[in-house]
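Hello,

Here is the structure we spoke about. My notes follow below it.

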Number of protein chains: 2
Amino acid sequence: MTAKIEALACAVDGRLDPCGLCTARHLSVCSVLADDGLRRLSAISDHQIFTTGEILVREGDPATNLFNITAGSVRVYKLLPDGRRQIVGFLFPGDFLGLATGDRYAFSAEALTGGSACRFLKKTYRRMLAEQPDLEAALLDRASHELQAAHNQMLLLGRKTAVERLASFLADLAARDRRAGGPGRVIQLPMTRAEIADYLGLTTETVSRVTSRLKTRGVIRLLSLHSLSIEKPAELSELAGLDAGDGDA
Amino acid sequence: MTAKIEALACAVDGRLDPCGLCTARHLSVCSVLADDGLRRLSAISDHQIFTTGEILVREGDPATNLFNITAGSVRVYKLLPDGRRQIVGFLFPGDFLGLATGDRYAFSAEALTGGSACRFLKKTYRRMLAEQPDLEAALLDRASHELQAAHNQMLLLGRKTAVERLASFLADLAARDRRAGGPGRVIQLPMTRAEIADYLGLTTETVSRVTSRLKTRGVIRLLSLHSLSIEKPAELSELAGLDAGDGDA
DNA sequence: TCGCAAGCTTGACGCAGATCAACGATCCGA
DNA sequence: TCGGATCGTTGATCTGCGTCAAGCTTGCGA
């Protein structure tokens, strides 16, 4: 809901100064651009507001657009023919959507909450990249980080137990919050248990059971269904299968 | 063994014309460079020959080098403190090693077979990238493809059964062979069963059992321990959980 | 050429997490 | 404010794959 308001504010103000007032700019690749670059970028972009459940990208469709999430959150996933789903990532403000893209989207993306995004035509964006090496470098950097995160997720999916998976997930969210300037102690979970399960390669039931176990052990405390506080960060990191308590990825 | 000879040949000839005679050039990012760019690239590179089991990169070490594999094959993996291993990829000639890298390596890399690689200092390579936007674009392209492959692997690790995993793996190897100009019918497996297991999130025993099952069903035929032929490609694709029989990723 | 270590296969059994089922909590629209 | 739908939790049971174990095959070094 605050996301929606932010999105609206950003969009309205956007008419006047699309990037200058963007609350996600310092988190995104745009941050490497100077005023001139920003102006050119905003000239080829298109601000899109989305509501809960809205589909941004559908697997198999021609990959015409790229997105920069400016508010809200998004789930990115792949499906098997029989409906089994693997969520490959959750996106938050500042995240880029469309990097891993050939001619057609190899994933679907849906809004988890209301929010907004800067949308670019892939072709136009490519031309822009060629003219702005800084932006291209920043994007390569992003891609590298995402690849690293993907490797961590492979380790999680291939080799970790249910407890380790959930602990890793929570530790990651905490680390993300810290990176965004928060205390990394209270975590928002905009997604459902089923989505967490599909991200961690588990079932809803297992996610629920393991959450309970962590709660009972006093490692976490549920504030509501969609927010919790980490009571014992060190223990959480340990459970996540990290040696030290950095919680980063 | 042919890999070793190729590597030696490449290295020896390399003294005279490092890139011109490189058998992996057309497969690698270098292919986008013109003569001038190639010359500059070879000036900052260093040819490294490696033997079976040799460690190229160790997780946690300062990330000083980047590699372009020119011959042989490499396994890239991550470890948990207790020794559980997840192989995040196998590299072959033309593949780039070191994309997903921050200040320190987040993975280890070991030679699966003897081979060779062009080695660059990360710092120097970065400078080179800034001067060669084409190379940077090519690398971004690589990163995108790798990210896409990583997403596929997440789907595999999170949601596929043992049979689907092995079938996907074999279909991928076949597709890779086809891309490299081969018939995609006979597959080389330079890795052990344990390595396949650690790549697919299974155990050696399961890999062995599932291989037997595919053999019994007549889908594959073992030519030796480390090479097999695909007898029923369509059925393999089906088992892999792909709708159509493209076998690509 | 032999011998042994490493890798592979196959079988018996166990268990972590899936599945099936029932019920409670939460949210949202009227 | 209410009512139904969706989401979440918990319990009982099942099962695919892991674990343990034993024998076989391969390849390499002496």
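This is a predicted model: local features need pLDDT of at least 70, side-chain atom pairs count only at pLDDT 80 or more; totals for chains, interfaces and linings use all residues.

**DNA side and chain contact**

Residues are numbered from 1 along each chain as its sequence is written, while chains are lettered from A and ligands numbered from 1 in the order in which they are written.

In total, 18 residues surround DNA strand D (near: C-beta atom, placed from the backbone, within 6 Å of the strand). The closest are A:Thr192, A:Ser208, A:Ser212, B:Thr161 and B:Thr206. Elements giving two or more residues are helix 6 (193–200) and helix 7 (204–216) of chain A, plus helix 7 (204–216) of chain B. Helices here are DSSP runs of H or I, at least four residues; strands are E runs of at least two; both are numbered from the N terminus. By class, this surface has nine polar, five nonpolar and four charged residues. Nonpolar means Ala, Val, Leu, Ile, Met, Phe, Trp, Tyr, Cys and Pro; charged means Asp, Glu, Lys and Arg; the others, Gly among them, are polar.

Now the protein contact. Chain A and chain B each put in 34 residues (contact: C-beta atoms, placed from the backbone, within 7 Å). On the chain B side, helix 4 has the largest share, 18 residues.

A rotation of 180° with 0.0 Å of shift along its axis superposes chain B on chain A, RMSD 0.1 Å (least squares on C-alpha atoms of residues with pLDDT of at least 70 in both). The two copies are thus related as by a two-fold rotation axis.

Best wishes

Note on methods. Two residues are in contact if their C-beta atoms, placed from the backbone, lie within 7 Å.
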